[in-house]
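Here is a short briefing to read alongside the sequence and the structure. The points are grouped by topic, beginning with a term needed to follow them.

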Amino acid sequence: MSKIFKFILNSIPRPVLIKLSYLVRPILAFIMKGNTHTDPIDGKGFKKFLPYGYENPRENVLSPSTLSLERHRLLWLYLKQKTNFFSAPLKVLHFAPEQAFYKRFRSLKNLHYTTTDLNSPLADIKADICNLPFDDASFDVILCNHVLEHITDDTKAMQEMYRILKPGGWGVFQIPQDLARAHTFEDDTITDKKERAKIFGQYDHVRIYGRDYFDKLRRIGFTVKEVDYTAELPFEDIEKYRLAKGEIIPVVSK
């Protein structure tokens with residue numbers, strides 16, 4: 001099954017995959033229902049999760065019902081248990097909105113919720129993250145998860161997000177990160193998609209971040225918390241929800 005998912009991910013453009021997934025999800029959720037693992041986003045149980053990955057698919061990580069991965073389920077738990085995201089009146093900007101969150105965040109009455117991306121069919125506003133069409137200090141919360149690794153000028157993107165975040169506002173900027181690596185690695189001369197996938201983990205990534213990612217955000221002006229929320233959760237919950245132990249949530253504020 002891993003080979004099938006790898007072929008699908010690498011062969012079908014992401015906007016098309018998003019549209020097709022709405023048809024496939026109910027079927028997968030029915031076939032795989034069980035009580036071994038639970039997706040905390042919708043509360044549904046499954047005998048196992050699906051494999052996922054562009055280059056080296058990981059087994060038992062993709063929820064059949066919400067299509068959430070470990071990072072999505074961890075972020076959901078963090079937002080629910082540690083923030084006012086679900087209760088306070090907040091103006092939120094969500095880059096490249098994940099299907100696991102899109103309809104649920106859209107339905108929250110406390111949020112003024114806007115989505116943006118260049119290509120996603122779920123985006124309200126088509127925009128370049130390096131040249132955003134929003135006024136200074138426009139948003140209370142910014143969610144930008146697994147976007148910056150696709151952006152050639154990630155410094156400009158970070159500056160733009162800092163510009164439009166309100167003083168006192170906060171955000172979550174998740175990225176694929178090798179915490180054992182001190183410095184981010186990027187090489188624009190690598191243009192072959194297969195080679196990029198081998199080096200960066202995905203054919204459309206332009207870098208692999210190291211621990212200096214946090215310092216780069218701080219140089220832009222953000223205050224950064226490196227949140228290891230799995231350290232606060234019982235082992236049983238980590239197994240139940242299929243979370244990646246030790247994964248860091250980069251929580252920024254202005």
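Helices here are DSSP runs of H or I with at least four residues, numbered from the N terminus. In this predicted model, helix α6 covers residues 193–200, and Arg196 is found in it.

**A buried charge**
- Arg196 is buried yet forms no salt bridge, and the nearest side chain of opposite charge, that of Asp188, is 5.6 Å away; a salt bridge would call for a side-chain nitrogen within 4 Å of a carboxyl oxygen.
- Leaving aside residues up to four places away in sequence, Arg196 touches Asp187, Ile190, Thr191, Gly201, Gln202, Tyr203, His205 and Val206.

**The nonpolar cores**
- The largest nonpolar core has 31 residues, of which Phe85, Phe105, Leu111, Tyr229 and Ile249 touch the most other members.
- Among the elements that give two or more residues to this core are the helices α3 (70–82), α4 (99–106) and α8 (235–241), together with strands including β6 (111–117) and β13 (249–253).
- It is α3 that gives the most to this core, with six residues.
- A second, separate core has 29 residues, including Leu132, Ala157, Met158 and Ile248.
- Leu111 touches Phe85, Ala88, Leu90, Val92 and Phe105, when residues up to four places away in sequence are not counted.

**Two helices in contact**
- The axes of α3 and α4 come within 10 Å and cross at roughly 30 degrees, which means that α3 is roughly parallel to α4, since angles under 35 degrees count as roughly parallel.
- The contact is made by His72, Leu75, Trp76 and Leu79 of α3 and by Phe101, Arg104 and Phe105 of α4.

Methods. Residues are numbered from 1 along each chain as its sequence is written. This is a predicted model: local features need pLDDT of at least 70, side-chain atom pairs count only at pLDDT 80 or more; totals for chains, interfaces and linings use all residues. Side-chain values use heavy atoms; hydrogens and water are left out. A nonpolar core is a set of buried Ala, Val, Leu, Ile, Met, Phe, Trp, Tyr and Cys residues joined through side-chain atoms within 4.5 Å. Buried means under 20% relative accessible area, exposed over 50%, partly exposed in between (1.4 Å probe, protein chains only). Contact means heavy atoms within 4.5 Å. Lys and Arg count as positive and Asp and Glu as negative; His and the chain ends are not counted. Axes are lines fitted to C-alpha atoms, for helices over the stretch in contact, and angles run from 0 to 180 degrees between N-to-C directions. Angles under 35 degrees count as roughly parallel, over 145 as roughly antiparallel, 65 to 115 as roughly perpendicular and the rest as oblique.
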